[in-house]
Amino acid sequence: DIISKTKGCSYYTISTGEDFKQVLEEDFDYMLFPIGYELYLKLSKGKFKNVYGSGDTDINTVGKLAYVSTLFPSNRKTKGVKGGIILLKMDESCIQNNEEIELSIEYKDKNMNVNKIVKSISFKEQQEATQAKQKDIFSENDIRKAVLLARYVNVIKESDSSEQTDQQQVQEANVNIQKEIEFKDAKKQKLEIFKEYIIKEKDILGDEQLEEEIKALDNILKKY
């Protein structure tokens with residue numbers, strides 16, 4: 001966090017020799033030359049539940065949704081963009097009421113000139129999809145994967161927190177062994193359902209890197 005919050009700085013996580021080679025040969029220019037500084041993501045109206053992809057966020061601050069100290073470009077390939085993405089989870093009321101929101105991005109370029117981009121967004125398609133009982137619609141696979149990973153993080157967090165809560169409930173209420181088994185069975189079933197979902201999405205996206213998340217789920221399921 002300290003590195004990414006320092007102006008002009010960034011970092012890469014390297015896990016294999018192939019990753020190291022790709023960073024030096026294909027992505028080197030993208031990690032050295034920022035395209036913007038002090039980027040603020042704001043909206044004029046509407047409610048957001050959560051923000052994913054930026055460590056510097058405060059959804060309780062009116063109008064300001066995300067802040068990025070230094071913005072770097074991503075290498076766009078045929079399979080999509082590999083790099084950072086900021087994902088905003090809207091409050092359901094915005095979609096149900098088909099509210100139009102105004103989203104703006106404000107940032108400084110290399111000469112410290114302030115630039116602003118404003119776009120109005122309607123949720124008509126999402127509202128129609130909800131009425132037709134369609135679960136998800138995506139404009140591109142990059143967003144589809146971002147939503148998948150955000151859901152994955154939520155499931156893992158819920159699993160960890162629910163385990164602590166369940167243990168506390170068992171101890172405080174002195175419930176029987178059968179009750180504890182029911183708690184664990186419910187969590188296991190939820191993880192198994194999500195595993196099926198992530199396998200399906202992996203095939204749709206054609207992204208073999210999602211095998212790491214599937215293996216992590218398998219390790220958690222072994223505890224049950």
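I take buried to mean under 20% relative accessible area and exposed to mean over 50%, with partly exposed in between. I keep that scale for the entries below. The model I am reading is predicted.

**Entry: M112**

I looked up M112 and placed it in the loop between β7 and β8. Its relative accessible area is 35%, so I note M112 as partly exposed. I then checked the backbone. M112 is not a glycine, yet its phi is positive, at about 65°. Most residues other than glycine have a negative phi.

**Entry: E38**

I looked for a positive phi elsewhere and noted E38, a residue other than glycine with phi near 50°. E38 sits in strand β1, whereas M112 sits in a loop.

In what order do its four strands run? I wrote down β3-β1-β7-β8, an open sheet with antiparallel pairing. The edges are β3 (64-71) and β8 (114-121); each has a single partner strand, so one side of each has no neighbour in the sheet. From one strand to the next, the twist averages 15°.

I went through two of the pairings. β1 and β3 are joined in the antiparallel sense by six bridges. In that pair I found G36 opposite L71 of β3. Strand β7, residues 101-108, pairs with β8 over eight bridges, again in the antiparallel sense. There I found I101 facing I121 of β8.

**Entry: a nonpolar patch**

Which residues make the nonpolar patch? I listed Y12, I14, F20, L24, F28, L32 and F33, and the patch covers about 670 Å². Two elements give two or more residues to this patch: α2 (17-25) and α3 (28-32).

I looked at one member by itself. F33 is in the loop between α3 and β1, and β1 spans 36-43. Its relative accessibility is 52%; the cut-off for exposed is over 50%, so F33 counts as exposed.

**Entry: D207**

I moved to the loop between α7 (177-205) and α8 (211-221), where D207 lies. Is D207 buried or exposed? Its relative accessibility is 14%, and because the limit for buried is under 20%, D207 counts as buried. I set aside the neighbours within four places in sequence and looked for what else D207 touches. D207 is in contact with K145 and K202.

**Entry: the whole protein**

Last, I noted the totals. The protein has eight helices and eight strands. Of its 224 residues, 25% are buried, and D207 is one of the buried residues.

Conventions
Residues numbered from 1 in each chain as written. Predicted model: local features only at pLDDT ≥ 70, side-chain atom pairs only at ≥ 80, totals over all residues. Heavy atoms only, no water. Patch = residues over 30% accessible without salt bridge, like charges linked within 9 Å, V, L, I, M, F, W, Y side chains within 5 Å. Areas by Shrake-Rupley, 256 points an atom, 1.4 Å probe, with all protein chains shown as cover. Salt bridge = Lys/Arg side-chain N within 4 Å of Asp/Glu carboxyl O. Buried < 20%, exposed > 50% of the residue type's maximum accessible area, 1.4 Å probe, protein only. Pairing = 2+ DSSP bridges. Axes fitted to C-alpha atoms, helices over the stretch in contact; angles between N-to-C directions. Contact = heavy atoms within 4.5 Å.
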